[in-house]
Amino acid sequence: MITTRRTTSDDADFRQLVKGLDRELARRNKETNDFYAQYNRIDVIPFVVVAYDNDMPVGCGAMKAFDTGVIEFKRMYVPPPHRGKGIASRVLTELQLWATECGYVSCVLETGIHMTEAIALYTKHGFNVIPNYGQYAGVSTSVCFEKRW
């Protein structure tokens, strides 16, 4: 049974999952990885969701304030052996619920153009492609999304 737990970036399970995410991103992003890595620090993130299959951490996601009423989703990851089980959807749904409870009315996020699984997930959940924002403006290997609720 898949469950989720709300925590912070200090959580050991989250940090372990992020190590796997960073390895996968380095492999997929190749020479552009250093650019992206600078925006993926997890020093102080107050909103983190970790998914568990029984007691095993099998997925994560995080969010941080972006603008008035807008939150940014980050660090979404499910290790390859656990994909295809709806875990990312569970994490994404829990993040949206938490954001709503905190008074946010929309979110933005960025992913890479080669992250086809992530793009499919966000599209499936009603996110819309928007012009690249902030540090991703003009970056041809990024695709940005927004969802309002």
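**Exercise 1. State which elements cover the buried residues of helix α3, and then check the length of this helix.**

Solution. The cover of the buried residues of α3 includes β1 (2-7), β2 (47-53), β3 (56-67), β4 (70-77), α4 (116-124) and β7 (142-148). Before going on, note that this is a predicted model, in which local features need pLDDT of at least 70 and side-chain atom pairs count only at pLDDT 80 or more, while totals for chains, interfaces and linings use all residues. Residues are numbered from 1 along each chain as its sequence is written, and side-chain values use heavy atoms, with hydrogens and water left out.

Helices (H or I, at least four residues) and strands (E, at least two) are DSSP runs, numbered from the N terminus. A residue is called buried under 20% relative accessible area, exposed over 50%, and partly exposed in between (1.4 Å probe, protein chains only). In α3 the buried residues include Ile 87, Val 91, Leu 95 and Trp 98, and also the residues Glu 94 and Gln 96.

For the length, the expected span is 1.5 Å times one less than the number of residues. Helix α3 (residues 87-101) has 15 residues and should therefore span 21 Å, which agrees with the 21 Å between its end C-alpha atoms. Just after α3, Gly 103 has a positive phi of about 95 degrees.

**Exercise 2. Classify the ring pair of Phe 47 and Trp 98, and then that of Tyr 122 and Phe 145.**

Solution. Rings of Phe, Tyr and Trp (its six-membered ring) pair if their centres lie within 6.5 Å; planes under 30 degrees apart count as stacked, over 60 as edge-to-face, and the rest as tilted. The whole structure holds 6 aromatic pairs. For Phe 47 and Trp 98 the centres are 5.2 Å apart and the planes stand at 90 degrees, so this pair is edge-to-face. Phe 47 belongs to strand β2 and Trp 98 to helix α3, 51 residues apart, and the pair thus links distant parts of the chain. Phe 47 is buried at a relative accessible area of 16%, and Trp 98 is buried at 11%.

The pair of Tyr 122 and Phe 145 is tilted, with 5.7 Å from centre to centre and 55 degrees between the planes. Because Tyr 122 lies in helix α4 and Phe 145 in strand β7, this pair ties together parts that are 23 residues apart in sequence. Tyr 122 counts as buried at 6% relative accessibility, as does Phe 145 at 1%. Ring pairs also join Phe 73, Tyr 122, Phe 127 and Phe 145 into a cluster.

**Exercise 3. Name the residues with the most contacts inside the largest nonpolar core, and describe the surroundings of Met 63.**

Solution. A nonpolar core is a set of buried Ala, Val, Leu, Ile, Met, Phe, Trp, Tyr and Cys residues joined through side-chain atoms within 4.5 Å. The largest has 38 residues, and those with the most contacts inside it are Met 63, Ile 71, Phe 73, Tyr 122 and Phe 127. Contact means heavy atoms within 4.5 Å. With neighbours within four places in sequence left aside, the contacts of Met 63 include Phe 47, Ile 71, Leu 95 and Trp 98.

**Exercise 4. Work out which residues of strand β5 point each way.**

Solution. In a regular strand the side chains alternate between the two faces of the sheet. Ser 106, Val 108, Glu 110 and Gly 112 point one way from β5, and Cys 107, Leu 109 and Thr 111 point the other way. In β5, 7 of its 7 residues are buried.
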